Each structure stands twice: as structure tokens, then as C-alpha cells.
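User: I would like to go through this structure in short questions and answers. Please keep each reply brief.

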Amino acid sequence: MSLPPEPTPQKYRLKPAQFERLNAAPGTSPASPEHDVFALLAGVRQQEAAAGLNQVQLVPATRRRRRRDYLLLLLAGNSLMLTLFFVEIFLGFQVQCLAARMPNEFYHLLNYALHDGRPMFFLPAVCMTAYSAAITWLMYGVIDRY
């Protein structure tokens with residue numbers, strides 16, 4: 001029994017490229033007016049001017065609310081701390097006077113707290129200073145303009 005002959009392998013090759021010329025060779029024909037870039041741009045600019053796209057309108061300045069909000073927070077926070085301090089002094093002295101059964105001493109204690117007792121204002125002053133510094137840093141250091 002005989003074996004069939006081996007087929008010869010096919011070799012594939014690229015054939016030379018063939019291009020079909022659609023346009024004329026460069027420099028052989030004059031430029032057509034409908035393909036002139038400068039004429040096209042001039043036409044586009046005329047259409048933009050007719051549509052009013054070149055008109056500049058001044059934009060009104062936007063109002064900045066940051067300073068108003070800063071002052072409002074500063075005033076409200078410090079007022080709240082000062083009010084709470086005075087309420088605490090009033091209630092504390094009232095309770096002390098009633099517990100000691102000396103209600104007539106309330107005004108003497110209040111006078112001492114407001115005029116003679118300087119160290120009593122140290123804590124509220126520190127709190128108000130820290131709050132003011134924190135609000136200032138937040139509003140002008142962290143938060144962007146709005």
C-alpha cells in the first residue's frame with residue numbers, strides 16, 4: 001500500500017500596494033475657493049458676529065456672604081457664651097444664698113462677681129477667645145470664598 005504524496009505548503013505573500021488616485025497631484029491644480037481655509041474662517045466669524053457672539057456683557061459682581069456669616073457666627077457664639085456665664089453666676093449665687101438661708105447676701109455676691117472677682121471672668125474670656133480664633137480660622141483659613 002502506498003502513501004499519498006504530501007501536499008506542498010502554500011506560501012503567502014503581500015502583493016505590491018496599488019492605489020487609485022482620486023485627487024490631482026499636489027501643486028498641479030489651483031486651490032478651489034470652497035476649500036480655502038481662510039475664506040471659511042472669515043465666513044464663520046461673520047456668522048458669529050451676526051449672531052451676537054462677540055458682544056461682551058459685564059457680569060454683575062456676586063455678593064459675598066462670608067463676612068456677614070462670620071460676623072453673625074462670632075456675635076451669636078460669643079453672646080451665647082456670655083449669656084450662659086451670667087445665667088450660671090445668677091443661678092449659682094441664688095442657690096448658694098438660699099441654701100445658706102441668707103437671701104440678702106445675693107446682691108453682695110453678684111457685686112463681688114461683677115466688680116471685684118476678676119478671676120471669675122478668666123474662663124469665659126478664654127472660651128470666647130478660643131471660639132473667636134476657631135471661627136476666624138475656619139471662615140478665612142479653611143473655607144473657600146462663597
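User: Which residues make up the largest nonpolar core?

Analyst: This is a predicted model, where local features need pLDDT of at least 70, side-chain atom pairs count only at pLDDT 80 or more, and totals for chains, interfaces and linings use all residues. Residues are numbered from 1 along each chain as its sequence is written, and side-chain values use heavy atoms, with hydrogens and water left out. A nonpolar core is a set of buried Ala, Val, Leu, Ile, Met, Phe, Trp, Tyr and Cys residues joined through side-chain atoms within 4.5 Å. The largest one has seven residues: Phe85, Ile89, Phe93, Cys97, Phe106, Leu110 and Ala113.

User: Which element gives the largest share of this core?

Analyst: Helices are DSSP runs (H or I, at least four residues), and strands (E) need at least two; both are numbered from the N terminus. Helix H2 (66–99) and helix H3 (106–116) each give two or more residues to this core. The largest share, four residues, comes from H2.

User: Is Cys97 buried or exposed, and which residues does Cys97 touch?

Analyst: Buried means under 20% relative accessible area, exposed means over 50%, and partly exposed lies in between (1.4 Å probe, protein chains only). Cys97 has a relative accessible area of 4%, so Cys97 is buried. Contact means heavy atoms within 4.5 Å. Not counting residues up to four places away in sequence, Cys97 touches Met102, Pro103, Glu105, Phe106 and Leu109.

User: How many disulfides does the structure hold?

Analyst: A disulfide is a pair of cysteine sulfur atoms within 2.5 Å. Cys127 is partly exposed, because its relative accessible area is 34%. The number of disulfides in the structure is zero.

User: Which residues does Asn78 touch?

Analyst: Asn78 is found in helix H2. Its relative accessible area is 14%, so Asn78 is buried. Leaving out residues up to four places away in sequence, the residues that Asn78 touches are Met128, Tyr131 and Ser132.

User: What separates the C-alpha atoms of Asn78 and Phe106?

Analyst: Along the chain, Asn78 and Phe106 are 28 residues apart. Their C-alpha atoms are separated by 26 Å.

User: What is the phi of Arg101?

Analyst: Arg101 sits in the loop between H2 and H3. Arg101 is exposed, because its relative accessible area is 75%. Its phi is positive, in a residue other than glycine, with a value near 55°.

User: How far apart in space are Ala100 and Arg21?

Analyst: Ala100 is also placed in the loop between H2 and H3. At 42% relative accessibility, Ala100 counts as partly exposed. Ala100 and Arg21 are 79 residues apart in sequence, and from C-alpha to C-alpha the distance in space is 115 Å.

User: Which residue forms a salt bridge with Arg68?

Analyst: A salt bridge is a side-chain nitrogen of Lys or Arg within 4 Å of a carboxyl oxygen of Asp or Glu. A search of the whole structure finds one. With the closest N and O atoms 3.2 Å apart, the partner of Arg68 is Asp69.

User: What is the area of the nonpolar surface patch made by Trp137, Leu138, Val142 and Ile143?

Analyst: Trp137 lies in helix H4 (residues 122–142), and Trp137 counts as exposed because its relative accessibility is 57%. Patches are made of residues with over 30% relative accessible area and no salt bridge; like charges are joined within 9 Å, nonpolar side chains (Val, Leu, Ile, Met, Phe, Trp, Tyr) within 5 Å. Accessible areas come from the Shrake-Rupley method with a 1.4 Å probe; for residues, only the protein chains shown count as cover. The patch made by Trp137, Leu138, Val142 and Ile143 has an area of about 390 Å².
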